[in-house]
Amino acid sequence: MLEGSKLIGAGAATIALAGAAVGIGNVFSSLINSVARNPSLAKQLFGYAILGFALTEAIALFAPMMAFLISFVF
């Protein structure tokens, strides 16, 4: 019973990877849309996009970490 619960919890933690992929897609699609509207701000907008990518990717790295913690530590 406990082993099955751990596997379900680890599987649920990895679902966050799909959300992170959607978030990264949204960041870069917004960058392309913004640069198309105002090309003179491309350099500044790219910096904001990299920041958004880094924060979204951090969430994507926390999800497998939680899955491994649920599977092997608890």
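Author: Start with a definition: buried means under 20% relative accessible area, and exposed means over 50%. The model here is a predicted one.

Reader: Is Ala-13 buried or exposed, then?
Author: Ala-13 has a relative accessible area of 17%, so it is buried. Ala-13 sits in helix H1.

Reader: What is Ala-13 in contact with, leaving aside its neighbours within four places in sequence?
Author: Ala-63, Met-66 and Ala-67.

Reader: And how far is Ala-13 from Pro-64, C-alpha to C-alpha?
Author: They are 51 residues apart along the chain, and their C-alpha atoms are separated by 7.0 Å. For Ala-13 and Phe-68, 55 residues apart along the chain, the C-alpha separation is 9.2 Å.

Reader: Where is Phe-68, and is it buried or exposed?
Author: Phe-68 belongs to helix H3. Its relative accessible area is 52%, so Phe-68 counts as exposed.

Reader: Which nonpolar surface patch is there, and what makes it?
Author: It covers about 980 Å² and is made by Ile-59, Phe-62, Met-65, Met-66, Phe-68, Leu-69, Phe-72, Val-73 and Phe-74. One of these, Val-73, lies in the segment after helix H3, which runs over 42-72. Val-73 is exposed because its relative accessible area is 56%.

Reader: What span should H3 have, and what does it have?
Author: At 1.5 Å a residue, its 31 residues should span 45 Å. The end C-alpha atoms of H3 are 45 Å apart, which agrees.

Reader: Which residues of H3 are buried?
Author: Ala-49, Gly-52, Thr-56, Ala-60, Ala-63 and Ala-67.

Reader: What covers the buried residues of H3?
Author: The cover includes helix H1 (2-14) and helix H2 (16-37).

Reader: Take Thr-56. What is it in contact with?
Author: Leaving aside neighbours within four places in sequence, Thr-56 is in contact with Ala-20, Gly-23, Ile-24 and Val-27. Thr-56 has a relative accessible area of 18%, so it is buried.

Reader: What about Gln-44, where is that?
Author: Gln-44 is also part of helix H3. Its relative accessibility is 43%, so Gln-44 counts as partly exposed. The C-alpha atoms of Gln-44 and Ser-29 are separated by 16 Å, and the two residues are 15 apart along the chain.

Reader: Change of topic. Which residues does UniProt list for "transmembrane region"?
Author: The unreviewed UniProt entry lists residues 7-28 and 48-73.

Reader: How much helix is in each of those?
Author: Residues 7-28 are 95% helix and 0% strand, with end C-alpha atoms 33 Å apart. Residues 48-73 are 96% helix and 0% strand, and their end C-alpha atoms are 37 Å apart.

Reader: Which domain does the entry list?
Author: For residues 8-70, the unreviewed UniProt entry gives "domain: V-ATPase proteolipid subunit C-like".

Reader: How far apart are the ends of residues 8-70?
Author: The end C-alpha atoms of that span lie 10 Å apart. In the model, residues 8-70 are 92% helix and 0% strand.

Methods. Residues numbered from 1 in each chain as written. Predicted model: local features only at pLDDT ≥ 70, side-chain atom pairs only at ≥ 80, totals over all residues. Heavy atoms only, no water. UniProt positions renumbered as here; feature names shortened; annotations may be inferred. Helix = DSSP H or I, 4+ residues; strand = E, 2+ residues; numbered from the N terminus. Patch = residues over 30% accessible without salt bridge, like charges linked within 9 Å, V, L, I, M, F, W, Y side chains within 5 Å. Areas by Shrake-Rupley, 256 points an atom, 1.4 Å probe, with all protein chains shown as cover. Salt bridge = Lys/Arg side-chain N within 4 Å of Asp/Glu carboxyl O. Buried < 20%, exposed > 50% of the residue type's maximum accessible area, 1.4 Å probe, protein only. Expected span 1.5 Å × (residues − 1). Contact = heavy atoms within 4.5 Å.
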